[in-house]
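Here are some notes to read alongside the structure.

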Amino acid sequence: MAIRKFDNLNRRNALVLSATAVMGILYPLVGRTDDGDDNGGGSTSQSGAGGQPIALATTGIRANVVVVGGGMAGASVAKYLRLWGGSGVNVTLVEPDDAYVSNIMSNFVLTSVRSLSSLSYTWDQLATAYGVVRKKARLQSINSANRQVVLSDGSVLSYDRLVVAPGVDFENAYGLTAQDYDTRTPHAWRAGLQTTLLQQQLAAAVNGDTYVMTIPVAPYRCPPGPYERACLVADYLTTRKGPNCRVLILDENPKIQAEAVNFGRAFGVIHAGVVNYQSGVTGIAIDPVTKVVTYTDKSGLSQTVQARVVNPIPPHRASGSGAGGWMAAAGLNNSADGRWAKVNPLSYESTAVAGVHVIGDAAQCGLPKAGHVGNQEAKICADAIVRLLSGQSPDSAPVANSACYSPITATTASWLTAVYQYDPVTQTMKVAANGGVTAGAAPTEAAAITSGNFKQMGTWFNTLMGDTYT
Ligand SMILES: Cc1cc2nc3c(=O)[nH]c(=O)nc-3n(C[C@H](O)[C@H](O)[C@H](O)COP(=O)(O)OP(=O)(O)OC[C@H]3O[C@@H](n4cnc5c(N)ncnc54)[C@H](O)[C@@H]3O)c2cc1C
């Protein structure tokens, strides 16, 4: 991507560049069908740039950009800032972990189909191929007046632009503590040790056992994710443990939040008699020791169920936005409920703090919280930062797409996709249809649940992760 495009940017070039940037990930989705990989093949052995340094353009831009968080959004923005900003844009990626474990596909770890290590990615290629400087530390505070960040190792980094992509924190809910999530009732909504614990609990289940899952009020990370998990667990328990296993979904939302037709069919037909989907549930209380769950159903009746495995997905919020958190201290969590960072979707710059951009699940701008979306937001953000550093304005009409595959059984899947466009009236991203923002337009879901979709899922996942980490 030649940076010259940014030097003499006219509106047409801007749109082409932006569309190329944000839509690039879509091409393999629509252009390829089956690469023979049945459910995705992410691994730490990555291809793409092949580990060789890429010759970056000389753009004339000289700037320091600090990126916080090396997940789906942060890794993507670090790579594209170097690619599009050129060799004069120094990018430092601050991330405390040794590797990133993908949440996407992690429901297959629960059913013992995949390992966590097969979903692990490092930042090595971002360093060797693109020259991203990796700093193994945690962000502790932001001094936006001085444009500096303080890290957990005591170092201080100065920035011209700061991008934060820290993901989410989980709240203690339903009478549970963080220790309960870690040791007894895992949410496993961030892939890692809790995923392994939940997998072990499911592996120990026997015929006749009940698995109970809770879903928090939206917005939450990955709208179709909980329903996908319920389907895979139902498939696993009934095929591996016996036909009398049951899956109870306690949804605090009034209805299924994504792919309502296909998940409705999955619950009512494919997993009929196994999955019990309850919407509009309130007052959930969980005993982490006895695994007794009580709740009030939508007709107002109090219910009690004895579970073998409890998988509460608690309410979450932008990481660091809770009381005493670094995001709260910086004043970035300015959504109405204080949980998310409101951003200008043209640049992902915070609407509260100048020079700080927020992308991924932590941001609020009208887009769903998903890894594919985080990758898209990263590209719009990188493009905008390069333009801003060049003295230009961000693209005024960004477009983003979202695609998500949802396994329904061990061999079949559905999918969901949408194109989003900037709506200048609400200054948010909205679902587009027929060439523009259209009132009432909604994401499109697969016409059927098929094995072909399941195979395409592997191509989609590998393409997305390759674009993000290599
Ligand atoms: C079970 C499950 C299935 C999913 N399936 C899909 C799917 O099919 N498709 C899809 O698009 N999305 C899916 N998602 C959602 C997707 O995983 C998230 O939306 C995505 O990971 C968000 O990216 P992010 O970069 O905002 O956060 P993350 O990917 O969580 O990355 C955040 C990073 O920031 C780092 N960090 C946090 N705090 C600090 C700090 N103070 N200093 C430095 N670094 C910090 C963390 O260590 C982490 O590496 C799924 C999620 C789950 C749980």
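This is a predicted model: local features need pLDDT of at least 70, side-chain atom pairs count only at pLDDT 80 or more; totals for chains, interfaces and linings use all residues.

1. The space in the second largest pocket comes to about 720 Å³. Its lining is made of 31 residues, and those closest to the centre are Pro 223, Gln 257, Pro 368, Tyr 420 and Pro 443. By type, the lining residues divide into 21 nonpolar, five polar and five charged.

2. Which strands supply at least two residues each of this lining? They are strand 22 (363-364), strand 23 (399-407), strand 24 (413-423) and strand 25 (428-433). Strand 24 gives the most, with four residues.

3. The ligand also lies between domain 1 and domain 2, since both domains give residues to the shell around the ligand. Helix 4 (72-85) and helix 12 (371-389) each supply at least two residues of that shell.

4. There are 35 residues around the ligand, and Glu 95, Tyr 100, Arg 221, Asp 361 and His 372 come nearest. The shell residues divide into 17 nonpolar, ten polar and eight charged.

5. Arg 190 has a polar side-chain atom 2.9 Å from an oxygen atom of the ligand, and a polar side-chain atom of Trp 326 lies 3.5 Å from a nitrogen atom of the ligand. On its own the ligand has 1,000 Å² of accessible area, and the protein covers 98% of this.

Terms used
Residues are numbered from 1 along each chain as its sequence is written. Side-chain values use heavy atoms; hydrogens and water are left out. A residue is near a molecule or strand if one of its heavy atoms lies within 4 Å of it. A polar contact is a pair of N or O atoms within 3.5 Å; within protein, one must be able to donate a hydrogen and the other to accept it, and residues adjacent in sequence count only if both atoms are side-chain atoms. Accessible areas come from the Shrake-Rupley method with a 1.4 Å probe; for residues, only the protein chains shown count as cover. Ala, Val, Leu, Ile, Met, Phe, Trp, Tyr, Cys and Pro count as nonpolar, Asp, Glu, Lys and Arg as charged, and the others, Gly among them, as polar. Domain bounds come from an automatic or database domain assignment. On a 1 Å grid over the protein atoms alone, a cavity is a set of points where a 1.4 Å probe fits but cannot get out, and a pocket is an open set with protein on both sides within 12 Å along at least five of seven lines; lining residues have an atom within 4 Å of a point. Grid points are joined across faces, edges and corners, and a volume is the space filled by probe spheres set on the points.
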